[in-house]
Amino acid sequence: MGKLTMLAAGAAGYVLGARAGRDRYDQIAATAGKVWRDPRVQTRKDQAADVAKDAASTAASQAGDLAQQAAGSAKQAAGSAKAGVQDTLSSSDDETTSAGPVIPSTDAVPDSGVTPGDVAPPAFPADPGQPDGPTR
């Protein structure tokens, strides 16, 4: 098909740029018309159109199948994530207070100032202007 396109472009360029006059233009136009009306050319044109339609149909079908698979995978991943969050929340209800997790130590950690039952500070700063978190 690339050669046919190149031939057509060359013919068009010649016709547009030729100085041979109207007679030569009419001769080229008549030859191009004969070639276009040739049953072999028409058969190839129809075959190319059929191949393009089949390829488009196949691509559309495959795209639909892949979209359904992707939607199923996303739904499954969202369900798994939701279950994981629910498990985490339900297991952390026993281990936390409203202020944060309780430190599960029976003895004080030496030199830390933390005693049993202390509540751990939040993992984020209370004031965005304080990068190290709240001060004690």
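I began with Tyr14, which counts as partly exposed because its relative accessibility is 41%, where buried means under 20% relative accessible area, exposed over 50%, and partly exposed in between (1.4 Å probe, protein chains only). I noted that this is a predicted model, in which local features need pLDDT of at least 70 and side-chain atom pairs count only at pLDDT 80 or more, while totals for chains, interfaces and linings use all residues. I also noted that residues are numbered from 1 along each chain as its sequence is written, and that side-chain values use heavy atoms, with hydrogens and water left out.

I then placed Tyr14 in helix H1, residues 2–17, taking helices (H or I, at least four residues) and strands (E, at least two) as DSSP runs numbered from the N terminus. Leaving aside neighbours within four places in sequence, I found Tyr14 in contact with Arg24 and Ile28, contact meaning heavy atoms within 4.5 Å.

For the chain, I recorded three helices and two strands, in the pattern α-α-α-β-β along the sequence. Of its 136 residues, 4% count as buried.

Next I looked up the salt bridges, of which the structure holds two; the term requires a side-chain nitrogen of Lys or Arg within 4 Å of a carboxyl oxygen of Asp or Glu. One joins the side chains of Asp38 and Arg40 at 2.8 Å, N to O; Asp38 is buried, with a relative accessible area of 18%, whereas Arg40 is exposed, at 64%. Another joins the side chains of Asp46 and Lys45 at 3.6 Å, N to O.
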